[in-house]
Every structure is written in C-alpha cells, then in structure tokens.
Amino acid sequence: MSNIIQTTNPVIGKVVEALKNRKITGLAAVDAAHARKLILDIVPEGAVIGIGDSSSVRQIQVLSALEERGNRVINGFDPGKKIHDLKSHFENGFWPMIEATVCDAYLTGSNAITEDGRIINVDGNGNRVAGMIWGHPITILVMGQNKIVKDLEEGMDRVKNVIAPEHLKRKGAPSPCTKTGYCHDCIGPQRACAVTSIIESSPPHTKIYVILVDEDLGLGWDRAWPQERINRIIRNHEEHMVMCPMPECIFEKGNNDKLWEMARQKRRGNVWP
Ligand code: SF4
C-alpha cells in the first residue's frame, strides 16, 4: 500500500512523513472514496471492528462498506438505534462501547494532529481514547485536513477553545465553555471533558494508522479561516453527529452502578430482566 499520494494540501505530506518517525503509518487520501478504500485494505476480511464516536468516520460512509463486505461492526453510536431507557442505553450504547474497545480493529476520528505527528484528543467517557491505544492489534484514525495544527500549543488551544465548546454546545451540556466559547478548566459536575490524551507513537501492541483526507471532516477549524469554510464544516458535522447515548440524570439515579451490573451479568451469559 503506497502512502505517496498527491494531495492539494502539502501539509498532509509533511504529517505523513513525520508519522514515520513515530512508528505510525500515515496515509494520504485524496477524498472520502479513497479513504474508504484504504480502510477496506487495512481491515482484514472477517475482522470484528469497533467504532468510536466520530462524525468524520460517518462522513466518509465507510461503515456500510465494511458491513457489506462481511465485517462485523460494533457501533455504540448508531443513529438508527434508538435509546429511550436504561435497558436500550445498555444494549445500543454502553455495551457496544465496551465490546468495541476489545476487538480486531478500532476505527474512529481524532480532534487534532500536529505537523510533527502528535495526535491530540479530548474525551468525556474516555472510551474513544482507550480504544485508540489498547485492546486490538490495529487502530485506524480518520482525519480531515482541517484537523492539522502547527504544534502542541495550537492543538491544545484548538481542542479546548474551539472543539470542546462547539461539541458540548451541540450535545446540550451545561459546561461554562458552551456559553463563552472557551475553556474555563471547570471542576465539578458540569465538567464534560474528563480525559485529554496525546499519542506520540504506536504503543507496542497496537499498530496505529492515520488516514489524512484532503477534505474537511468532523469538527475543528482555525479561527482565521473564512467564515464560509467554518460554516460548511459545522453544517457537515451537524448532519453526521449523534447525540450521546446516555439518559439524563444517569449518575444522580445510580444508573451508572446498574449499567456496570448489567455488564457483569452479560459477561456471565445472564440476561438483565
Ligand atoms: S474543562 Fe469545562 S469549560 Fe473546559 S472544555 Fe471541559 S467542560 Fe468546557
């Protein structure tokens, strides 16, 4: 599989080169169709593939292609599966999120990547960052060109002061950043971003692939970009986002304990009443 592809954005080639030194395979894709083909080439036929929440992955429409080929896709973020109570939340969200982390391959997006190849993510549940680094031999991260940042300083500013506020606003979170548009480093129940991770190399047991697409995908932009481009990124993200599969007041009602008890029972082959 060649990673020497002519993209219109020269920075993509720079990131692909930088990733080589980090034991991460960077692959340039000219468009969404090309990204789909690269993913189908990487994922072995018959492999079980886990999905982390990502509008970039949904935008390139690769999940149906994997299923049509016969791969089992474990997706706790399927907009077609409704969640209306704790049981459906467990079956369609919580349990697939657990199963997805330990499978044959994991596919998701990412918040930002620096020009020297460091991958930055902010996560609420932590399932997505856990899935990126452990539980399977292959991780594939799909990122649009809009996710490339100059360095860690710009990347942390992007994830904390652009992506997190915009993402949480659309999820209806009560966090202060959703009102002001920047991070207050809040503490307490309104804090929605629990985990920040920086991947600097493939871990020994997980081969990481980064597919950099020569299109804008997912949520993320530079404030200096033309408003028209930012609006297009937002529109595409909103079309492909799914609401968090977590019923309201999950912690107040002790539902978190119930969810883990259901998982314990399921591992033993028991069915929750
Ligand atoms: S720490 Fe609080 S204010 Fe900052 S991004 Fe996270 S939720 Fe928003």
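The dialogue below reads several features of a predicted model, one after another.

Trainee: What should I know about numbering and confidence before I start?

Mentor: Residues are numbered from 1 along each chain as its sequence is written. Because the model is predicted, local features need pLDDT of at least 70 and side-chain atom pairs count only at pLDDT 80 or more, while totals for chains, interfaces and linings use all residues.

Trainee: How many helices and strands does the chain have?

Mentor: Helices (H or I, at least four residues) and strands (E, at least two) are DSSP runs, numbered from the N terminus, and the chain has 10 helices and 10 strands.

Trainee: What radius of gyration does the chain have, and how does a compact globule compare?

Mentor: The radius is taken over C-alpha atoms, and the globule rule is 2.2 Å times the number of residues to the power 0.38. For 273 residues a compact globule would have a value near 19 Å, and the 18 Å of the chain agrees with this. The C-alpha trace spans about 55 × 45 × 30 Å along its principal axes.

Trainee: Is Gly 254 buried or exposed?

Mentor: A residue is buried if 20 or more other C-beta atoms, placed from the backbone, lie within 10 Å of its own, exposed if 12 or fewer, and partly exposed in between. Gly 254, in the loop between helix H9 (227–240) and helix H10 (255–267), is exposed because 10 other C-beta atoms lie within 10 Å. Of the 273 residues of the chain, 41% count as buried.

Trainee: Which residues come nearest to the ligand?

Mentor: A residue is near a molecule if its C-beta atom, placed from the backbone, lies within 6 Å of it. Of the 13 residues around the ligand, Ser 175, Cys 177, Cys 183, Cys 186 and Cys 193 come nearest. Helix H7 (residues 152–171) supplies the largest share of this shell, 3 residues.
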